[in-house]
Amino acid sequence: MSSYSLRCSHFSSLPVTASPTKVSTADSGFVTPQPNRVQTSSSVDREQTHLDDSRIKHEKKVKSLIDFLNKMVNEPVESLIIVDTIQRLGIKSLFREQIKAILQWQYTHFSSLNHGKDDVYEIALRFRLLRQEGYYVPADVFEYFNDKKKGFVMKLTGNIKGMMELYEASQMSIEGEDILDEAEYFSGKCLHALLMCDLDHKQARMIESTLRYPYRKSFARLLAPQSFVNDMPGVYSWMEDLLEVANRERRIVQSVHQKEIHQINTWWKELGLGEEMKFARDQPLKWYMWSMAILPDPSLSEHRIELIKPVSLVYIIDDIFDVHGTADELILFTEVIRRWDNVCAEQLPEYMKICFKILGDITNDFGNIIFKKHGWNPTRFLKQMWADLCNAFLVEFQWNASGKLPNADDYLKNGTITSGAPLVLAHLFFLMGQNITNQSTDSKKEEEPLPNAIFLVAKILRLWDDLGCAQDENQNGYDGSYVECYLREMPGSSNQSAREHVMELISKLWKLLNKECLSPCPSSAPFREACVNAAKMVSLMYNYEDKHGLELLQDHMKSFICDHETL
């Protein structure tokens with residue numbers, strides 16, 4: 001079943017303290033409060049004065065950079081480089097309007113800016129940034145570098161930067177763009193060849209990072225901004241100011257995350273599910289990483305906390321089906337949630353009664369929050385999605401209990417639901433003010449009228465999770481995998497060929513997701529960005545073979561509770 005999720009709750013009732021308790025992580029992923037040192041009033045006053053001065057200086061620096069960016073709008077190349085730098089440093093939220101203006105100008109002048117140019121770095125960077133922002137720009141701009149008989153041809157000497165950006169741009173492809181498939185193959189082959197040459201350490205690290213963690217499909221490089229700064233090509237007058245702002249902003253964001261972690265810790269203890277269900281995974285800090293990754297804007301604290309609620313229950317219910325519930329209990333539990341029947345719930349074992357009550361409270365509270373914010377109540381719709389999730393979990397349980405696994409396509413269709421992603425992202429869909437076009441959220445139709453991007457992310461998650469060569473450290477249950485179903489369906493196939501097939505499927509799903517994010521699109525740009533962020537986090541969270549990636553993830557978790565290094 002799903003290894004996906006975070007954690008859920010009555011978070012809205014918890015106060016946000018002005019100076020949060022410092023927190024530390026235990027091996028289980030739980031958050032333990034640590035007392036602050038007692039300070040005298042004079043030391044507090046001095047510290048507050050210092051903080052005020054620092055805040056004023058920070059605001060002035062941000063304002064100065066905003067003014068600078070406003071003047072850079074029609075600068076053809078350097079404006080692209082600074083936009084890319086801002087995004088990679090994770091401070092996009094400070095300069096959204098300026099980035100929007102720069103990229104709008106670049107889009108309007110796209111053809112003239114690329115005409116007659118042979119600078120693959122400039123063309124690829126412009127193409128990637130515009131596609132990331134949702135602009136459809138044609139991939140035929142790369143035809144200049146493509147010989148119909150010989151394929152891509154260009155001088156490699158001294159053009160490492162161009163090769164890396166071409167590889168990055170190729171990750172923005174949609175179905176049918178053969179030129180970008182060729183660009184990916186060519187640039188990837190060239191970069192791997194360059195790694196065999198006598199490169200200095202910095203160049204080799206740059207290439208390895210690009211190949212392993214392309215910006216579109218991974219958070220790993222964003223979680224290690226120091227390496228990006230070290231690898232930054234060229235020297236620019238604005239870099240020092242931008243790094244100063246980034247350092248200050250990282251400390252602000254750290255403080256925000258610490259407050260949120262404190263709230264999560266308090267809520268989770270008061271909820272009592274961890275104590276009641278010892279068999280279930282208990283990793284709220286690790287699960288919080290999903291919320292943080294999907295919604296990185298510091299101002300979206302309330303959204304991050306609300307999103308954790310359904311994520312956590314997906315994990316708990318997953319473990320009920322995977323490692324603890326009997327067949328009869330699971331059938332009854334699924335029926336209770338399908339009917340949302342409090343009377344029938346009295347027949348459940350005690351731990352299931354508690355889970356059902358908490359699920360009902362959280363879903364009703366969430367619906368009320370959406371109603372107050374946006375004027376409609378999605379509670380009935382979300383209850384149906386919880387029922388669909390439990391039914392899919394039950395189907396999976398029965399497949400495994402019988403020893404009769406389905407074909408790969410049927411497994412993936414059911415596994416898309418058990419990933420938990422459709423349910424969690426549906427909560428986010430409503431939380432971000434989206435509504436279901438031309439349909440009531442009380443609709444009982446079998447097909448959820450939600451953006452297709454949600455289900456593409458869910459399939460990417462399911463397939464990445466099934467590729468994992470190691471079980472979740474605190475999950476003992478077995479729930480099958482796409483690879484196993486595929487091997488049974490295709491006798492004679494090797495495990496390696498099955499894994500290659502899965503990676504091809506993931507690549508195709510990314511192309512479909514890229515297309516879903518291009519304008520015109522029915523869902524809002526912030527929601528599309530959140531879906532892409534969820535897909536990017538998948539490869540880092542579930543790439544068990546990539547020890548370096550897991551180390552980055554662990555380091556980032558630690559960064560919530562200790563001071564950030566200076567960039």
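Q: What makes up the count of helices and strands in the protein chain?
A: There are 24 helices and four strands. Helices are DSSP runs of H or I with at least four residues, strands are runs of E with at least two, and both are numbered from the N terminus. Keep in mind that this is a predicted model, where local features need pLDDT of at least 70, side-chain atom pairs count only at pLDDT 80 or more, and totals for chains, interfaces and linings use all residues. Residues are numbered from 1 along each chain as its sequence is written, and side-chain values use heavy atoms, with hydrogens and water left out.

Q: Why is Arg-304 called buried?
A: Buried means under 20% relative accessible area, exposed means over 50%, and partly exposed is in between (1.4 Å probe, protein chains only). Arg-304 has 0% relative accessibility, so the label is buried. Across the protein chain, buried residues make up 55% of the 567 residues.

Q: How do you know that Arg-304 forms a salt bridge with Glu-260?
A: The rule asks for a side-chain nitrogen of Lys or Arg within 4 Å of a carboxyl oxygen of Asp or Glu. Here the closest N and O atoms are 2.9 Å apart, and the pair passes. Arg-304 sits in helix 13 (residues 301-324) and Glu-260 in helix 10 (residues 239-271), so this bridge ties together parts 44 residues apart in sequence. Glu-260 is buried too, at a relative accessible area of 0%.

Q: What makes Lys-353 partly exposed and Glu-346 exposed?
A: Lys-353 has a relative accessible area of 23%, so it falls in the partly exposed range. Glu-346 comes in at 55%, so that one counts as exposed. Their side chains meet in a salt bridge at 3.7 Å, N to O.

Q: Why are Asp-465 and Arg-462 said to be separated by about one helical turn?
A: Because they are three residues apart in helix 20 (residues 452-467). As for cover, Asp-465 is buried at 9% relative accessible area, and Arg-462 is buried at 0%.

Q: How many salt bridges does the rule give, and which residues are linked in a network?
A: The count comes to 29. Asp-84, Arg-88, Arg-128, Glu-165 and Glu-168 are linked in a network of salt bridges.

Q: What share of the contacts with a separation of 6 or more comes from residues 24 or more positions apart?
A: That share is 76% in the protein chain, where contact means heavy atoms within 4.5 Å.
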